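Reader: I'm new to this one and would like to walk through it slowly. Could you show it to me first, and then take my questions?

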Amino acid sequence: MNTDLVIVGGGAAGLMAGARAGELGMRAVVVERKHNPGRKLLMCGNNRCNLTSDRSVPDLLSGYGDPVATFLSPALTAFPPQALRRWFAERGLETNVHADGRVFPASERADDVLHCLTDTLRDLGVPMVTSCPVTAITRNGEGFTIAADAITLTAARVLIATGGVSYPKTGSVGDGQKWAKALGHRLVPYRPGLAGVEFVEGWLAPPRDISIPDVALHVLSGGDVAATLNGEMLLSRRSARGPCVVNATRAIARLGLRDFSFTVDLCPQHSAEALLALLTAQVTKGRNTTVGDLVSASRLPRSLAVDWLRQEMGLRLDGAVRPEDGPLLRRLVDALKSWRPAVRRIRPLKEAMVTIGGVVLEDVDSATLESRCCPGLFFAGEVLDVDGPTGGYNLQAAFAMGRFALASLSHSFGGRVLVTGRSRSPLPKRSPKVRGPSRAGRRRGGNHGTGRGRRTRR
Ligand SMILES: Cc1cc2nc3c(=O)[nH]c(=O)nc-3n(C[C@H](O)[C@H](O)[C@H](O)COP(=O)(O)OP(=O)(O)OC[C@H]3O[C@@H](n4cnc5c(N)ncnc54)[C@H](O)[C@@H]3O)c2cc1C
C-alpha cells in the first residue's frame, strides 16, 4: 500500500479529516480535484463563512430532523459546535456569535477558515495533491486502488468526502456518489435544498434587494400546513431568498412535496385579532390616518409596501382610512396575515446551497461512518444524504463527520493496526496566538495550493 488512508475531496469534511489524520499521526493523503481546495467553503455565508451555530447539540439535531438527526447524532456529540470553535481558536482563529446564534470567524473572512485548515495540514505534514480529479475507486484485495489521470494510489482505507452536486464549478460534481453506487451503495435522488424561489408576480423581483426582516412562511400542501419557517425574506431580481425561503425549499424537498403553495404572515408577532385591535385603535386615535400608517404595523418595508398594497388590495399608500372603514381594516389584516405570493419555481440544484440526496444513510454505519457494503470505505460530508437548514448546520455537519470518521479509521481494523506513523501531539509546540508562518511556509509563501500567503488571524 502507498498509504494508510486516501481522503478524496479537499472541502470542509476532507480538510478536517486530513487535519485529524495529522493529529493522530496517520499516513494519509488528501486528493483534491481543483487547483485549490475548499472552493465551496470560500463561498460560504457570502464569503464570511457561517461555520457553525451556537445552539446545543439537541437543538441542532431537531433542526436537521430525521433521518439526518439520528445519523448525525454520534458525530455531532463527539464534535459539537463548542469543540469546533475551540479547535479553530487553538489554531489562532477566533469566532464570534451573532445575535441569531450563527457563528462566524471574528475576521468575517471565509479564507481565514480555509487557511486555518490548510495551515494545519501543512504543519502536521499531511500531503495534499491538488489539480488531481480522482477517476475511479476500486477494491484491491483488502484495500483500494484510487486512480486519477496522473497518479494511482493504493490505500488500506478510503474516505470519500467529495461533497454534493450543487455549484459544480467548486469541484463537487457527484463523483463520490457514482463510486459509492459502483461499490454497492444505494443513492437517494438529488433535489435542491436551500435554494431561491421565483414568484410569478414580476414586482416581487425588484431591481435592488428588499429585505422583509421577520416573517412566518407557511408551506401549504393539500390544504394543510406542511411546514412553517420563520425569519428574513429577501426579494431580489433573480429570486426570493433569505432563511425562511431557502429553509422552505429544504422542507419541500425533504417532505417530497410536488404540489405546494406559500402563505406568508407579514405580522407574525400579532395574532389576527390583536392586529385588528391594534389597527382599529390607531385609526380611532389618530387623525388623517393613511393606509401606509397601518401597514407600518407589519415589517413590510415602505419600498415594497407601495406595490404590495396596489397589487394585493388595489389601495394606495396615502389613501385615507376612517374609523368607519371596519371591513377595509379586516381585509388589510387578512392580507397581512396570509399573503399568498404565487410560486413559479424553485431555482435549480446547481444554484442550491446544499444537495438533498446522495449515499443512502442506512448503507453507512453512523457510529463509525464506515460503509456497511464495502468495509474499509468511509464517507463524510454532503456526499451522504445529509443536509441541514441554513445557519451553520451544514459546515458543522461536514466538519464533525470529517473528524469523526478518523476516530474509527485510526482504530485497528480486522485485527490490524492502521496507524503507522509516530503519534504526534495534536498541536505543534508553539503558542497558536503568536505563531507565525513556518519557515518553509514563508519560503513557499503558500498554503497548500491555496495560492495565497498565510492569513489565519490572530
Ligand atoms: C453559496 C453557498 C453558501 C454556503 N454557505 C454556508 C454557510 O455559510 N454555512 C454552512 O454551514 N454551509 C454553507 N453552505 C453549505 C456548505 O458549503 C457545504 O455543506 C459544505 O461545503 C459541504 O462540505 P463537503 O466537504 O461535504 O463538500 P465540498 O465542500 O463541496 O467539498 C468537496 C470537495 O471534493 C472535491 N472533489 C469532488 N470530486 C472529486 C474528485 N473526483 N477527485 C478529487 N476531488 C474531488 C471538490 O473539488 C471539493 O473541493 C453553503 C453552500 C453554498 C453553495
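Author: Let's start with a term: a polar contact is a pair of N or O atoms within 3.5 Å, and within protein one must be able to donate a hydrogen and the other to accept it, while residues adjacent in sequence count only if both atoms are side-chain atoms. Also, this is a predicted model, where local features need pLDDT of at least 70, side-chain atom pairs count only at pLDDT 80 or more, and totals for chains, interfaces and linings use all residues. Residues are numbered from 1 along each chain as its sequence is written, and side-chain values use heavy atoms, with hydrogens and water left out.

Reader: How far is an N or O atom in the side chain of Glu 382 from an oxygen atom of the ligand?

Author: Glu 382 is one of the residues that come nearest to the ligand, together with Glu 32, Val 134, Asp 175 and Leu 395. (A residue is near a molecule if one of its heavy atoms lies within 4 Å of it.) For the side chain of Glu 382, the distance from an N or O atom to a ligand oxygen is 2.5 Å.

Reader: Which residues have backbone atoms 3.5 Å and 3.3 Å from an oxygen atom of the ligand?

Author: Here we look at the backbone rather than at side chains. At 3.5 Å from a ligand oxygen there is a backbone N or O atom of Thr 170. At 3.3 Å, the polar backbone atom belongs to Asn 394.

Reader: Taken alone, the ligand exposes 1000 Å²; how much of that does the protein bury?

Author: Areas here come from the Shrake-Rupley method with a 1.4 Å probe, and for residues only the protein chains shown count as cover. Of the 1000 Å² that the ligand exposes when taken alone, the protein buries 95%.

Reader: Which elements give two or more residues to the shell around the ligand?

Author: Helices (H or I, at least four residues) and strands (E, at least two) are DSSP runs, numbered from the N terminus. The elements that supply two or more shell residues are helix H1 (12-24), helix H2 (39-47), helix H7 (175-182) and helix H13 (393-409).

Reader: Is Arg 250 buried or exposed?

Author: Arg 250 belongs to helix H8 (residues 243-255). Buried means under 20% relative accessible area, exposed over 50%, and partly exposed in between (1.4 Å probe, protein chains only). Because the relative accessible area of Arg 250 is 7%, this residue counts as buried.

Reader: And which side chain does the side chain of Arg 250 join in a polar contact of 2.4 Å?

Author: Contact means heavy atoms within 4.5 Å, and, leaving aside neighbours within four places in sequence, Arg 250 has several such partners, including Gly 63, Leu 194 and Ile 356. The Arg 250 side chain also reaches the backbone oxygen of Tyr 64 at 2.7 Å. The side-chain partner at 2.4 Å is Asp 387.

Reader: How many salt bridges does the structure hold?

Author: Side chains of opposite charge can pair when their charged atoms come close. The cut-off for a salt bridge is a side-chain nitrogen of Lys or Arg within 4 Å of a carboxyl oxygen of Asp or Glu. By that rule, the number of salt bridges in the structure is 28.

Reader: How many disulfides does a search of the whole structure find?

Author: A disulfide is a pair of cysteine sulfur atoms within 2.5 Å. Cys 116 is buried at 1% relative accessibility, and Cys 267 is buried at 0%. As for disulfides, the search of the whole structure gives zero.

Reader: Last one: of the 458 residues, what percentage count as buried?

Author: The protein has 14 helices and 20 strands. Among its 458 residues, the buried share is 55%.
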